[in-house]
Amino acid sequence: MLATRESLLAALDSYIHPLIGRGLVSAECIAELTPGDSPQVSIELGFPAAGIAAGIVDDVKALLLAACGVEVQVRIGCRVLPQAVQKGLNPLPGVANILAVASGKGGVGKSTVAVNLALALQAEGARVGIVDADVYGPSQPLMLGSRERPSSPDGKRINPIIAHGLQAMSIGFLLKDDAQPAVWRGPMATQALTQMLTDTVWDDLDYLIVDMPPGTGDIQLSLSQKVPVAGSVIVTTPQDIALLDARKGLEMFRKVGIPVLGVIENMATHVCTNCGHEEAIFGTGGGDKLAREAGTELLGQMPLDMRIRLQADSGNPTVAADPRSELSLRYRDIARLAAARLAYGVAGELAFPNLSISDD
């Protein structure tokens, strides 16, 4: 039985994955299509999706068999393209998209979320880097388990540190020891951060995660205005005081034209290490309420779990330490949703390759 081009395209466009929100043809996800008695389809997503790729292939195969009456060979991959950034700023060399992970206040576990988000995007198939933007209290060297000092290819630029497969940079890698403080005024701190971003030799990254310092002061505002950020993620805990500050961070990004991909509610519940009982000690529904009121999306919730803290403190964050655990899979769900929102949800249309169709 022959599958025509029209029947294949119609069936493919009827498949609407929740992370894409529209048909595969409408979303320009069909990179190649060959009709005939041995049809082939190549799907190219705009976000890394290794954890769900096999399921999408199975769903599409079943749909095409039912619609066209023929077995179709389906391949799937991803191509992460650069998204729009603030007006007047140029993309960073070697980096497709910069994602800022921020909170309005400290103590909500933002840095732990940031490093696990970076590792989760990597586990999904992306090339990822991370910058520790807190020049006063850098924590990523500890969480990544690295005390290595960066090398320089030319005496002017610096090579990123490679840790758990991530390309990483932090002022902590440049200081002589952990106890050495960075005693700088705001403009100096902003300049140091800008130099870490622009003078690091990033190697073909799909995403560069920026672990923002807490708050919404001069450093955060200057960074948001000077660094070409494609999207932002807000980390909060459920209680009202954290939500109040998180809203300030969210509005800061919107004022400077940076899309907010969504909210991550950290420490949503506490898991007892003795009995496993899960309790919402900080309240419930706060992250979801913030997301709804701000017109964005709740990307996911993470529990207050001893394992997350112990693994981060040991330099082996959860997604790297136990990649198949429930906690790691939660981070990967969040990472996929954030990346899909960047590609299809809030940052405009992707310039996917033209559809290639063969009449063989």
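A: On a 1 Å grid over the protein atoms alone, a pocket is an open set of points where a 1.4 Å probe fits, with protein on both sides within 12 Å along at least five of seven lines; lining residues have an atom within 4 Å of a point. Grid points are joined across faces, edges and corners, and a volume is the space filled by probe spheres set on the points. The model is predicted: local features need pLDDT of at least 70 and side-chain atom pairs pLDDT 80 or more, while totals for chains, interfaces and linings use all residues. Residues are numbered from 1 along each chain as its sequence is written, and side-chain values use heavy atoms, without hydrogens and water.

The largest pocket holds about 460 Å³ of space. Its lining consists of 28 residues, and Gly109, Thr112, Asn266, Met267 and Arg309 lie nearest its centre. Two or more lining residues come from each of H3, strand S11 (270-271) and helix H10 (306-313); helices (H or I, at least four residues) and strands (E, at least two) are DSSP runs, numbered from the N terminus. H10 gives the largest share, five residues. By class, the lining has 11 nonpolar, 10 polar and seven charged residues, where Ala, Val, Leu, Ile, Met, Phe, Trp, Tyr, Cys and Pro count as nonpolar, Asp, Glu, Lys and Arg as charged, and the others, Gly among them, as polar.
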